[in-house]
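I opened this entry to look up two things.

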Amino acid sequence: MDALSDVITVTRTGRSRSAHVRWHAPWRQRFASVPGSAGFQVVLEDSCWLLSPDAEPVQLGTGDVVFLPQGGGHTLADSPETAETAPACGPGDRRLSGRYASDSVDPSGEEGPVAVVLCGAYQLDLSRAYPLLLALPDRIHLAAPADRHPQLRSALELLAAEVENPRLGTDSVVPALLDALLIHIPRIWFDGQSTLAQTTGWAAALDDPAVTAALHARYQRGGQGAACFRLCAAGRTRSLRAGDEKVGARGQRGELRGVLVVDTDPGPFT
């Protein structure tokens with residue numbers, strides 16, 4: 001198992017949920033802060049505004065994805081000036097009792113302009129969170145156009161179709177697609193980070209082919225990479241340094257080089 005897959009597998013707990021909602025303007029929905037969770041919002045049609053207490057309003061267009069790894073509170077609305085039209089959405093909301101839901105909300109009763117949003121949430125075990133997960137920012141905004149991130153777009157289209165029109169097998173398909181998104185979004189963010197000179201922490205480590213190869217090699221050789229992650233989580237290491245060791249079985253083409261060396265020398269991955 002590779003590093004990112006192990007982090008997601010270990011920290012994921014409980015049931016993931018998703019909802020497909022058609023909002024008729026004017027509308028404003030607040031999503032409560034939920035520590036120990038991660039959530040996402042995807043605009044499928046038209047546009048809306050993302051409002052956060054500690055950031056400027058951001059207009060989201062069709063195809064935009066917002067991921068909140070720490071479950072931060074936020075609001076979606078048709079306009080920054082619109083007053084709140086519904087109670088805050090949180091874990092105790094009876095509308096979230098199922099794994100997925102589809103709804104059309106018209107608070108004014110006048111069927112105003114429509115924005116279609118796909119949202120979802122995951123429950124995480126923060127006590128087992130690795131530095132790799134904690135390295136993510138509070139909010140990740142992946143902007144359209146749709147020709148970017150084709151694998152992510154495909155998973156989103158499949159999820160939206162299943163949630164809006166449940167069929168035989170939907171109960172199995174939806175969790176699998178939600179798990180796929182939980183992999184795709186952090187992967188895209190890490191892939192999009194700039195050079196090592198501008199990046200630190202695990203974002204820098206995973207941007208370095210040698211370190212990435214070393215992590216993968218350790219996972220292939222009995223989960224020793226996972227042990228390194230746990231050491232880092234416990235604060236017992238200060239850096240990772242790429243070494244040089246041949247890894248691989250007989251008959252494989254080429255050689256996979258790289259071994260993780262744990263030491264106390266501060267470096268760019270501190």
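**Cysteines**

I counted disulfides and came to zero by the distance rule. I am working from a predicted model here.

I then looked up C89. C89 is in no disulfide. I found its nearest cysteine sulfur in C119, 6.6 Å away.

I noted the cut-off: a disulfide needs the two sulfur atoms within 2.5 Å.

Are these residues buried or exposed? I read a relative accessible area of 15% for C89, which is buried. For C119 I also read 15%, and C119 is buried. I used under 20% as the limit for buried.

**Cavity**

How many cavities of 30 Å³ or more does the structure hold? I found one. I logged about 50 Å³ of space in the largest cavity.

I listed the lining of the largest cavity. I8, T11 and R12 are in it, along with A38, F67 and P69. L124, L133, L136, L182 and P186 complete the lining.

Which elements give two or more residues to this lining? I wrote down α1 (3–11) and α4 (170–191).

Last, I sorted the lining of the largest cavity by residue class. I got nine nonpolar residues, one polar and one charged. Among the lining residues, R12 is the charged one and T11 the polar one.

Definitions and conventions: Residues are numbered from 1 along each chain as its sequence is written. This is a predicted model: local features need pLDDT of at least 70, side-chain atom pairs count only at pLDDT 80 or more; totals for chains, interfaces and linings use all residues. Side-chain values use heavy atoms; hydrogens and water are left out. On a 1 Å grid over the protein atoms alone, a cavity is a set of points where a 1.4 Å probe fits but cannot get out, and a pocket is an open set with protein on both sides within 12 Å along at least five of seven lines; lining residues have an atom within 4 Å of a point. Grid points are joined across faces, edges and corners, and a volume is the space filled by probe spheres set on the points. Helices (H or I, at least four residues) and strands (E, at least two) are DSSP runs, numbered from the N terminus. Buried means under 20% relative accessible area, exposed over 50%, partly exposed in between (1.4 Å probe, protein chains only).
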